[in-house]
Amino acid sequence: MLYKCGLEFEYVLVDSSQRLRDFTSLDFRALDAALAGGEGADDASLTRGDLGIKSGYWYLEGDERFGPDGTFLDLRVKGVEIRTPIGTDLAGTADQLLRLQGLLEERLAPLGLGLGIVGFHPTLTEYRIEPPLNDWERAMRAEHHEYGHANVSNVSFGPDVNLSFPGLDDAGVVDLTRKLTHYSPYLVPFSFSSPFFDGGPWGGPSRRTHERTWRRVAARCFVEREPDPAVSPVCLYRPRVPAERGRIEFKAYDAFLDRAHLLAGATLVLGVCLSGELPGRDDVPSRELHQRAASAAFGAPEIADGAARVLEAARKALAMLPDEAALLAPFADLLDRRRTPADDLLDDHARTGLMFRPGGLR
C-alpha cells in the first residue's frame, strides 16, 4: 500500500430561493438534530472534536461559542462538511464523497435546504464575533490554535486533502508538510473559486487565499512531536486518535467546483509529496506569494512558472501510478489557458447573477 487518503469538503447551505444560509439565519440545534444519525458514527478512525458534535461522515461546521465556565452554548454555522472514510486510492475516495453527498442532499431536502460551492462568502464583509469573546474563550483560543482567526475561517470554504504513507516516520511526515507549505502558492491557483466579496467581484480570483492562507496553515500533520513555540501558524499537532498518526492535511485549496478538479487537486498534493525534484521547505506559508497568487493567479509569471514546475514534477513522480497521473489532466488545461475556476464563476455571475455554484460536486 503506497498511500492512504481521505477527503473533507465544506459546502455552503442554500435555500429553495437560491439564497445562502449561514450563521445569520440558521439554528444550530434544530439543524444538528435534523442531520443526526448519518453514517460513520461508529468509525473509530474519525475524530469527534472536543465537544463530540462532529459525529459521523458529515457534520455542521462553524464557530463554537462557550459560556464563562466553558459550557458549550452554540455553533455559529457557516455550512456543512463531509469527510470520507479512509481509502487507498483517490478516485475511490472521491466516489465515497459523492455517495455521502447524495445522502446528505436527501436529508437536507425536507428542510428546504440544499448545497452550494464557493471558496469565500460572496456577500458578507466579515464574520463578527458577537458577543465578544469572554475570558474563558480567549484563554481556550490562545491554547488551541485551530480556533484562531474565526473572523476569516467562518466565511471561507475549501477541502482538506488527507494523506498518509505507511512506514514513513515522524521526521518524514514533517518534511512533507514543510514541502507542501513551501509550494502551496503554486498549487492553490488551480482551485481558485472566490472572486466575490461584499456582493460583487473583488478584483482577484481568490479572496479566500488573500485573507486566510498566510494567517492559517497551508498544511499540517499529526506526529508525536511538540511544535516550536516561535513558529506561527502551528503546523504540528499531536494525534487525537491512533489512525491520525502520520496524517498530512493540505488545507490551502479553495472549494473545487467539480469532482474532476477536486481529484486533480488531491493528485497534485500526492505527486508533490512523492516527488524528489522539489527541494523547497518552509515552516509557515508565504503571505507575499499567496497574496500575489490570490490577486493574479497564472497572470503572475512567477506563479505560473511555479505551477508549471510542480505540475511537471508531480507528473513524473506519479509515473509509477498511471491511473493517478491521468487525473492531473484538467490542471494542465487550466494552466495552458491561464484560467482558474473563478473565471467560470464570474461567467456564471454575468449570466445568472449567482455568486456561487448551486448544488454539490458533479
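Predicted model: local features only at pLDDT ≥ 70, side-chain atom pairs only at ≥ 80, totals over all residues.
Student: Okay, and which residues of α12 are buried?
Tutor: Pro341, Ala342, Leu345 and Asp348. Looking down the axis of α12, the buried residues fall within an arc of 115 degrees, so they line one face of the helix.
Student: Why would residues a few places apart point the same way?
Tutor: An α-helix has 3.6 residues a turn, so residues three or four places apart end up pointing the same way.
Student: What covers the buried residues of α12?
Tutor: The cover includes β7 (196–197), α11 (329–337) and β12 (357–358).
Student: How many residues does α12 have, and how far does it reach?
Tutor: Helix α12 runs over residues 341–352, so to speak a stretch of 12 residues, and spans 16 Å from first C-alpha to last, close to the 16 Å expected at 1.5 Å a residue. After α12 comes Gly353, with a positive phi near 85 degrees.
Student: Switching topic: how many residues are in the largest nonpolar core?
Tutor: That core has 98 residues, and Leu187, Phe250 and Leu268 have the most contacts inside it. Helix α7 (residues 259–274) gives the largest share, 9 residues.
Student: What does Leu268 touch, leaving out residues up to four places away in sequence?
Tutor: Its partners are Leu187, Phe190, Tyr253, Val310, Leu311, Ala314, Leu328 and Phe331.

Terms used:
Residues numbered from 1 in each chain as written. Heavy atoms only, no water. Core = buried A, V, L, I, M, F, W, Y, C linked by side-chain atoms within 4.5 Å. Buried < 20%, exposed > 50% of the residue type's maximum accessible area, 1.4 Å probe, protein only. Helix = DSSP H or I, 4+ residues; strand = E, 2+ residues; numbered from the N terminus. Contact = heavy atoms within 4.5 Å. Expected span 1.5 Å × (residues − 1). Arc of directions from axis to C-beta.
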